[in-house]
Amino acid sequence: MSKSKDIFSILLQLAVAGLVIIFTGYLLPGIVVTDWITGVIIAALLALLNITIKPILIFLTIPITILTLGLFLLVINALLVMLAAALIQGFTVDNFWWALLFSLVLSLVNSILGISLGNGLRK
């Protein structure tokens, strides 16, 4: 695949993720996303946090993750959502439980969209 197609694919994924974040913000009353651009910024920041900070947190919490049979990974996801809310104006999360629900809904919708859009983005 050419470099321009790779960049287009990444931009398309960010745009779709921004729309998913806006939808999830409307769905959950404890989450506020002001506009579509903020949704795209949230998507980009969450992707960056998942690439950089999440592996470190997973490594540092291996014992508790094993003890909880992997459920502590949900806590890590919620904490990353709360960190993103602290860093981005226009994105507010009321509390930990809304962040946890936001990350669950976001993961579910992204996996459904990934299944339906995945083959089209790889061509």
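Helices are DSSP runs of H or I with at least four residues, numbered from the N terminus. The legends below describe a predicted model.

**Figure 1. Nonpolar surface patch formed by residues of helix 2 and helix 3.** Helix 2 (36-60) and helix 3 (62-67) each contribute at least two residues to the patch. The most comes from helix 2, which gives three residues. Isoleucine 62 belongs to helix 3. With a relative accessible area of 36%, isoleucine 62 is partly exposed, because that value lies between the limits of 20% for buried and 50% for exposed.

**Figure 2. Leucine 69 in the loop between helix 3 and helix 4.** The phi angle of leucine 69 is positive, about 55°, although the residue is not a glycine. Leucine 69 has 78% relative accessibility and therefore counts as exposed.

**Figure 3. Helix 4, residues 72-87.** This helix has 16 residues and reaches 23 Å from its first C-alpha to its last. That span is close to the 22 Å expected at 1.5 Å a residue. The buried residues in helix 4 include Phe72, Ile76, Leu80 and Ala84. Asn77, Ala78, Val81 and Ala85 are also buried there. An α-helix has 3.6 residues a turn, so residues three or four places apart point the same way.

**Figure 4. The largest nonpolar core, with 28 residues.** Phe91 and Phe102 are the residues with the most contacts inside this core. Helix 1 (3-27), strand 1 (31-33), helix 2, helix 4, strand 2 and helix 5 each supply at least two of its residues. Helix 4 provides the largest share, seven residues. Phenylalanine 91 has a relative accessible area of 1% and is therefore buried. Phenylalanine 102, at 0% relative accessibility, likewise counts as buried.

**Figure 5. The two aromatic pairs of the structure.** In one of the pairs, the ring centres of phenylalanine 91 and phenylalanine 102 are 5.7 Å apart. Their planes stand at 50°, so this pair is tilted. Phenylalanine 91 lies in strand 2 (residues 91-93) and phenylalanine 102 in helix 5 (residues 96-122). The pair therefore ties together parts that are 11 residues apart in sequence. Phenylalanine 96 and tryptophan 97 form an edge-to-face pair, with 5.2 Å from centre to centre and 80° between the planes. Phenylalanine 96 has 22% relative accessibility and so counts as partly exposed. Tryptophan 97, at 62% relative accessibility, counts as exposed.

**Figure 6. Tryptophan 98 in helix 5, shown with isoleucine 56.** Tryptophan 98 is partly exposed, with a relative accessibility of 24%. Along the chain, tryptophan 98 and isoleucine 56 are 42 residues apart. The C-alpha atoms of these two residues are separated by 24 Å.

Methods
Residues are numbered from 1 along each chain as its sequence is written. This is a predicted model: local features need pLDDT of at least 70, side-chain atom pairs count only at pLDDT 80 or more; totals for chains, interfaces and linings use all residues. Side-chain values use heavy atoms; hydrogens and water are left out. Rings of Phe, Tyr and Trp (its six-membered ring) pair if their centres lie within 6.5 Å; planes under 30 degrees apart count as stacked, over 60 as edge-to-face and the rest as tilted. Buried means under 20% relative accessible area, exposed over 50%, partly exposed in between (1.4 Å probe, protein chains only). The expected span of a helix is 1.5 Å times one less than its number of residues. A nonpolar core is a set of buried Ala, Val, Leu, Ile, Met, Phe, Trp, Tyr and Cys residues joined through side-chain atoms within 4.5 Å.
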